[in-house]
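Subject: Structure for you to look over

Hello,

Here is the structure I promised to pass on. Please open it beside this email, and my notes follow below.

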Amino acid sequence: MKTSPADAAFSKCIRERANWTCERCGKQYPENSAGLHCSHNFSRRHRITRWHADNALALCFSCHQWFGGNPYEAGRWLESVIGEARLEMLVDMKNAKHKVPKAEEKEIAAHYRAQLKEMQAKRRQGETGYLEFESWQ
């Protein structure tokens, strides 16, 4: 699947939110490292959840492989991370008939670039750890 500018900006937000740390094993990565992935909980093919902040985690290669290869355990772990209500909301969104038009991708990319700038400013001001950001949806 091709990576769009919206995907790239969203991915950076997910990894910055986690302070470039794997959310499962805790391994720290240098900023912009290719070793830390933006792992989607529900496939990117579901455009309605593709760019939703609750639909992705920062995972290292090994944890990303585990997540994709162990659906039952990964689902239980994900629920422990984001909570039952947020997980149910994602499932409902994923199953909805609403589609995100391609034309909105420029707006999505701009939104996440702005969110990334805000998070990076907080880091420069000394904030550490997990940072929340505003999801496009």
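A salt bridge here means a side-chain nitrogen of Lys or Arg within 4 Å of a carboxyl oxygen of Asp or Glu. Please keep in mind that this is a predicted model.

**Salt bridges**

By that rule the count comes to six salt bridges. Start with Arg44 and Asp7. They form a salt bridge, and their closest N and O atoms are 3.1 Å apart. Arg44 sits in the loop between S1 and helix H2 (47-50), while Asp7 belongs to helix H1 (residues 5-17), so this pair ties together parts that lie 37 residues apart in sequence. Arg44 and Asp7 are both buried.

Next, look at Glu105 and Arg47. Their side chains meet in a salt bridge, at 2.9 Å from N to O. This pair also links distant parts of the chain: Glu105 is in helix H6 (residues 105-124) and Arg47 is in helix H2, 58 residues apart. Both of these residues, Glu105 and Arg47, are buried as well.

Glu105 has another partner to check. Lys102 forms a salt bridge with Glu105, with the closest N and O atoms 3.7 Å apart. Are Lys102 and Glu105 buried or exposed? Lys102 is exposed, at a relative accessible area of 64%. Glu105 is buried, at 11%. Salt bridges with shared partners also join Asp7, Arg44 and Arg50 into one network.

**Helix H1**

Ala8 and Tyr112 are 104 residues apart in sequence, and their C-alpha atoms are 9.0 Å apart in space.

**The loop between H1 and S1**

Asn19 follows H1. Asn19 lies in the loop between H1 and S1. Its phi is positive, about 55°, although Asn19 is not a glycine. At 22% relative accessibility, Asn19 counts as partly exposed. Asn32 lies in the loop between H1 and S1 too. The phi of Asn32 is near 65°, again a positive value in a residue other than glycine. Please look at the backbone at Asn19 and at Asn32.

**The strands**

How do S1 and S2 run, and how many bridges join them? Strand S1 (residues 36-40) and S2 are antiparallel, and five bridges join them. Cys38 stands opposite Ala58 in S2. Ser39 stands opposite Leu57 in S2.

Four of the five residues of S1 are buried, so S1 is largely enclosed by the rest of the structure. Strand S2 (residues 56-60) is mostly covered, with five of its five residues buried. In a regular strand, side chains alternate between the two faces of the sheet. Which residues of S2 lie on each side? Ala56, Ala58 and Cys60 are on one side, with Leu57 and Leu59 on the other. These residues are all buried, and both faces of S2 are covered.

**Helices H4 and H5**

The axes of helix H4 (residues 71-82) and helix H5 (residues 84-95) come within 6 Å and cross at roughly 115°. H4 brings Gly75, Leu78, Glu79 and Ile82 to the contact, and H5 brings Glu84, Arg86, Leu87 and Leu90. By type, the residues of this contact are four nonpolar, one polar and three charged.

**Where to begin**

Then turn to the salt bridge of Glu105 with Arg47.

Best wishes

Terms used. Residues are numbered from 1 along each chain as its sequence is written. This is a predicted model: local features need pLDDT of at least 70, side-chain atom pairs count only at pLDDT 80 or more; totals for chains, interfaces and linings use all residues. Side-chain values use heavy atoms; hydrogens and water are left out. Buried means under 20% relative accessible area, exposed over 50%, partly exposed in between (1.4 Å probe, protein chains only). Helices (H or I, at least four residues) and strands (E, at least two) are DSSP runs, numbered from the N terminus. Two strands pair if DSSP finds at least two bridges between them. Axes are lines fitted to C-alpha atoms, for helices over the stretch in contact, and angles run from 0 to 180 degrees between N-to-C directions. Contact means heavy atoms within 4.5 Å. Ala, Val, Leu, Ile, Met, Phe, Trp, Tyr, Cys and Pro count as nonpolar, Asp, Glu, Lys and Arg as charged, and the others, Gly among them, as polar.
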